[in-house]
Structure formats: C-alpha cells, structure tokens
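Here's a set of exercises to work through with the model open beside you. Try each task before reading its solution.

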Amino acid sequence: MLRLAALLVMLVSHNASAQSFLDSLAAKYSEMFCEHEGFLECAAAKKGECVSAIERSVQHCDDFALQIYEETEAGEDSRLSGESFADCFSTTFANGMDLEEEKFDSCSFPALRDHQNQLREKLRSKRS
C-alpha cells in the first residue's frame, strides 16, 4: 500500500487544493477497487458499499493525506506519511467493508496489479 499512496501522490496535480487532493484520492481508490469486478466479487461487496467505505476511509485518514500533500508541495520526502496513510486507509477500509485485513489484502492485490498495469500501458502509449 505504500507504493499505492506514493503513486496517488504523483498522480495529483501540484496545484490542487487540499480538498481536491482528498477527492482525487477517493476517486483513484474507487476506480481501483469499486470498478474492479474481481475485487467486488472477492469482497462480496456492492459497488455503492465499496465507494462509501472508500469515502469514509479517506476522510478518516485525511490528516495523513494532507500531510502527504503538504510534503509533496514542499518537495519533502513523503514516505513515512505515505506509509501511515496506507496503513490507516487499509485498516479503515477493511473495517468499513467488514473484511478481515487478510481478506482485504487478497481481494485488493489483483485490483492493484491491474491498475498498475493500466498505468504502465498509459505510459507506454504516451512514449510511442
């Protein structure tokens, strides 16, 4: 999840406001998990429940998200805060969907892998 948090930080515009940063975090997580049928099937969740759990988790962990945003804006290393946000998010989201963390991990890894592959394809297409 640390890589995920760092990736999300890089995807957000440096000119974004703190609120739009939080909104973009929720949107990116929703895209990765709630648009991924495999994740929804594995977690036995409906899309609406997934989106709600993500929004609650991002808002709950917004202090960490804001710290990442501020450190990124200042050009500082955000690894520690990224780690903290990722831990906060995964725990809160797993609890919000009533999933044990092990189950959450087994459901999320394929969705994260697919998202990473999509990003790689976007980069490849931009380069060519």
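**Exercise 1.** Work out whether Asp98 is buried or exposed, and find which loop holds Asp98.

*Solution.* Start with accessibility: Asp98 comes out at 70% relative accessibility, so it counts as exposed (buried is under 20% relative accessible area, exposed is over 50%, partly exposed is in between, with a 1.4 Å probe and protein chains only). Next, placement: Asp98 sits in the loop between helix 6 and helix 7. Here helices are DSSP runs of H or I with at least four residues, strands are E runs with at least two, and both are numbered from the N terminus. Last, the backbone: Asp98 is not a glycine, yet has a positive phi of about 60°.

Before going on, keep in mind that this is a predicted model, where local features need pLDDT of at least 70, side-chain atom pairs count only at pLDDT 80 or more, and totals for chains, interfaces and linings use all residues. Residues are numbered from 1 along each chain as its sequence is written, and side-chain values use heavy atoms, with hydrogens and water left out.

**Exercise 2.** Now do the backbone check for Ala44 and for Gly75.

*Solution.* Ala44 isn't a glycine either, and its phi is positive at about 50°. You'll find Ala44 in the loop between helix 3 and helix 4, and its 69% relative accessibility makes it exposed.

**Exercise 3.** Check the end-to-end spans of helix 5 and helix 2, then list their buried residues.

*Solution.* First get the expected span, which is 1.5 Å times one less than the number of residues. Helix 2 has 17 residues and reaches 23 Å from first C-alpha to last, close to the expected 24 Å.

Then go for burial. In helix 5 the buried residues are Ala65, Ile68, Tyr69, Glu71 and Thr72. In helix 2, the buried residues include Phe21, Leu25, Tyr29, Met32 and Phe33.

**Exercise 4.** How many salt bridges are there, and what does each one link?

*Solution.* Apply the rule: a side-chain nitrogen of Lys or Arg within 4 Å of a carboxyl oxygen of Asp or Glu. The count comes to two.

- Lys47 pairs with Glu35, with the closest N and O atoms 2.9 Å apart. Lys47 is in helix 4 (residues 47-60) and Glu35 is in the loop between helix 2 (18-34) and helix 3 (37-43), so the pair ties together parts 12 residues apart in sequence. Lys47 is partly exposed at 41%, and Glu35 is partly exposed at 49%.
- Arg124 pairs with Glu121, and here the closest N and O atoms are 2.7 Å apart. Both are in helix 7 (residues 101-127), three residues apart, which puts about one helical turn between them. Arg124 is partly exposed at 48%, as is Glu121 at 46%.

**Exercise 5.** Find the residues with the most contacts inside the largest nonpolar core, and say which helix gives that core its largest share.

*Solution.* A nonpolar core is a set of buried Ala, Val, Leu, Ile, Met, Phe, Trp, Tyr and Cys residues joined through side-chain atoms within 4.5 Å. The largest has 31 residues, and Phe33, Phe39, Ile54 and Phe93 have the most contacts inside it. Helices 2, 3, 4, 5, 6 (79-96) and 7 each give two or more residues to this core. Its largest share, eight residues, comes from helix 2.

Now zoom in on Phe39. Leaving aside neighbours within four places in sequence, its contacts (heavy atoms within 4.5 Å) include Phe33, Phe93, Phe104 and Ser108. Pro110 of helix 7 is 71 residues from Phe39 along the chain, but their C-alpha atoms are separated by 7.4 Å. Pro110 is partly exposed at 31%.

**Exercise 6.** At what angle do helix 2 and helix 7 cross, and which residues make the contact?

*Solution.* The axes are lines fitted to C-alpha atoms, for helices over the stretch in contact, and angles run from 0 to 180 degrees between N-to-C directions. These two axes come within 8 Å and cross at roughly 105°. That makes helix 2 roughly perpendicular to helix 7 (under 35 degrees is roughly parallel, over 145 roughly antiparallel, 65 to 115 roughly perpendicular, and the rest oblique). Helix 2 brings Glu31, Met32 and Phe33, while helix 7 brings Phe104, Ser108, Ala111, Leu112 and His115. Finish with Ser108: it is buried at 1% relative accessibility, and it touches Phe33 and Phe39, not counting residues up to four places away in sequence.
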